[in-house]
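The entries below follow the order in which I looked things up.

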Amino acid sequence: MSEGMVKTIIFSIPEAIVVVLLAWCISGRNFKWTSLMASGIIFGTISPWIRLATGSYILNIIVSSLVLIVLLKLFGQHDILEAVTVALMAVSLYLAMEFLNVKTIQVLTGVDPIRMEQNLILRTLWFLPQILITVAVALVIRYFVSRQLFKLNTSKRKG
Amino acid sequence: MKKNVYKAAMLFFTIQSILITILLNNYYMKKYSFFQLNNPDGVELFLGFIILCLNLVALVVIKRLYISGLEAEQLKMTALKYAHLVEQNQIYRQHHHDIKNHLNVVLGLLSMGKYEELRDYLNTYFRSIDHGLFNIETGLDEIDVLLSSKLALAKSKDILVNLSITTNLRCSRKHILDLVAILGNVLDNALETVQGLDQPQCPVSIHFWQDPLEYNFEVTNSMPTSSPCAPELYFKEGFSTKQEGRGEGLFIVKRLTERLGGSVSVDPGDGQFRVIIEIPMHRLEE
C-alpha cells in the first residue's frame, strides 16, 4: 500500500468525517449515518487530490469548502444557504481548533510542525486528540442547537 | 437583502469568519514555508481585499439587523396593545348583548302588564349589576374598562384586590394605548403571581395618585419569599420568575414608560412585590 493511500485512510478520511459531522451538528438535523459516512469518505478521498491540484493552503481550503457544500447539498439535502453556512462554519471551527492544537503541541513539546507533519507517528499523536476534541465539540454544539430547536418548536406549538 | 436580512447576515459573517481563520492559519504555515505558492502575495492580497469588502458590507447588514430588531420590538408591543383592545371590546360587546336581552324582557313584561314581575326583574337586574360590575372612575374610559376587566378576573379567581384611586387621569389619544399596555402588563403580572400562591387570601393593591408633576401608579402583590432577585434583573428581556419563555412584561413596561419620559422601579422584599410607575403629567397629556 502506498504512503499516499495510508495517509488518506489514516488522516484524510477521519478528518473529513469529523468535519462533515461538525457541519451536521451545526445544522441541527438528525443524523443519517449512511449519508454522513458516505459524504465523509468521498470528501476524505478527494481531499489529497485537491491538495495536489491547488498547491496552496488558501486555495486548498477554499476548494475543499466548496466540495463540502456540494456534498452537504447532495447527501444531507440541506438547502443551499444552509449548506453554505454550515459548511463554512464547520471548516472555520475545525481550522481554528487545528491551529490551536498544533500551536499548543509546539509550545508544550517544542517539536517543529514540519517534523510533525513528516513523521507518521508524531502526526498521528497530534491528529488523534484533534479528532477527539472536534467530535466532542460537535456533540456539545448538537446538544445546544437541538435544545434551542426544541425550545423554538415548543414555543411555536404553544403560540 | 432587504427581503431577508437574517440570511444575508448569516452568510456574510460565516464567510468572514472562515476567511479570517484561513488567513490566520496561512500566516502560521508561511512561517515554516509549508504548503505555499511560489508567489503567495497575490492570493493573500485578494483575500485581504475580500475581507475588507465583507467588512464594509457587514456595516450595512448590521444596520439592517438593528432596524429589523426595532421593528420586531415594535410589533411585539403593538400585539400587546391589540390584545388589550380585544379584551376591552369583548367587555363592551358582552354588555351590549346583555342590555339588549334585558330590554326585550322588560318590553315583554310591560306589554303583558305584569308590573310586579317587571319590578322584581329590574330589582334583580340592578343587584346583579352592583354585584358584577365595578364602578371605577379614573377619568379615562379605557383605563376604567381595563381595571373593570382585571377586577372581574381577580374576582373570578378569588383574589382580593384593594383599589385606591385618588387622581383624575388625563391622557391624550396618542398615548392612551401605551398607558393601557403599561398598566395591563403590570396588573397581569400581579394577578398571575398571586394566582400561583398557596395562601387563600393574597391581596393585590392598586393605588393611583398624583403629585404636582407626575401620575403615580403603584401595584403591590404577594410573592413567594424564595423569589426575590436584584431589582434591575426584573427589567431584563426574557427574565421571569415564572416558567421559561416568559419575562417580556416588565421589560416592555420599562420601554413604554421611558418612551413617555417616566420611570419604573420595583421593590421585591418581605414577601411583597411593588411596582411603582411615575409618568410626567405633561408628557401624558400632550
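This is a predicted model: local features need pLDDT of at least 70, side-chain atom pairs count only at pLDDT 80 or more; totals for chains, interfaces and linings use all residues.

**Entry 1: the interface**

Residues are numbered from 1 along each chain as its sequence is written, chains are lettered from A and ligands numbered from 1 in the order in which they are written, and side-chain values use heavy atoms, with hydrogens and water left out.

I then looked for polar contacts, that is, pairs of N or O atoms within 3.5 Å in which, within protein, one must be able to donate a hydrogen and the other to accept it, residues adjacent in sequence counting only if both atoms are side-chain atoms. Between chain B and chain A I have 6 residue pairs in polar contact, both residues at pLDDT 80 or more.

Which elements of chain B supply at least two residues each of the side that touches chain A? They are α1 (5–31) and α2 (41–111), where helices (H or I, at least four residues) and strands (E, at least two) are DSSP runs numbered from the N terminus. The largest share, 15 residues, comes from α1(B). By class I read 14 nonpolar, 6 polar and 4 charged residues on that side; Ala, Val, Leu, Ile, Met, Phe, Trp, Tyr, Cys and Pro count as nonpolar, Asp, Glu, Lys and Arg as charged, and the others, Gly among them, as polar.

For the extent of the interface, I find 24 residues of chain B in contact (heavy atoms within 4.5 Å) with 30 residues of chain A. The buried area, meaning the accessible area (1.4 Å probe) that two parts lose on being put together, summed over both, is about 2400 Å² between the chains, and carbon and sulfur atoms give 75% of this. On the chain B side, B:Ile18, B:Tyr28 and B:Phe35 lose the most area to chain A, together 27% of what that side buries.

**Entry 2: the two chains**

I read 6 helices and 0 strands in chain A. Chain B, by contrast, has 7 helices and 5 strands, and from the N terminus on its elements run α-α-α-α-β-α-β-β-α-β-β-α.

Of the 159 residues in chain A, 47% are buried, where buried means under 20% relative accessible area, exposed over 50%, and partly exposed in between (1.4 Å probe, protein chains only). For chain B, 39% of the 286 residues count as buried. Among contacts with a separation of 6 or more, residues 24 or more positions apart account for 66% in chain A and for 68% in chain B.

I looked up B:Gln16, which is found in helix α1 of chain B.

**Entry 3: salt bridges**

I count 8 salt bridges over all chains. In one of them, B:Lys150 pairs with B:Asp188, the closest N and O atoms being 2.8 Å apart. This pair links distant parts of the chain, helix α4 (residues 141–156) and helix α5 (residues 173–195), 38 residues apart. B:Lys150 is buried at 5% relative accessibility, whereas B:Asp188 is partly exposed at 22%.

B:Arg170 forms a salt bridge with B:Glu285, with the closest N and O atoms 3.7 Å apart. Because B:Arg170 lies in the loop between β1 (161–165) and α5 and B:Glu285 in helix α7 (residues 281–285), the pair ties together parts that are 115 residues apart in sequence. B:Arg170 is exposed, with a relative accessible area of 53%.

I also noted B:Asp178 and B:Arg259, whose side chains meet in a salt bridge (3.3 Å, N to O). B:Asp178 sits in helix α5 and B:Arg259 in helix α6 (residues 249–259), 81 residues apart. B:Asp178 is buried at 6% relative accessible area, while B:Arg259 counts as partly exposed at 38%.

Conventions:
A salt bridge is a side-chain nitrogen of Lys or Arg within 4 Å of a carboxyl oxygen of Asp or Glu.
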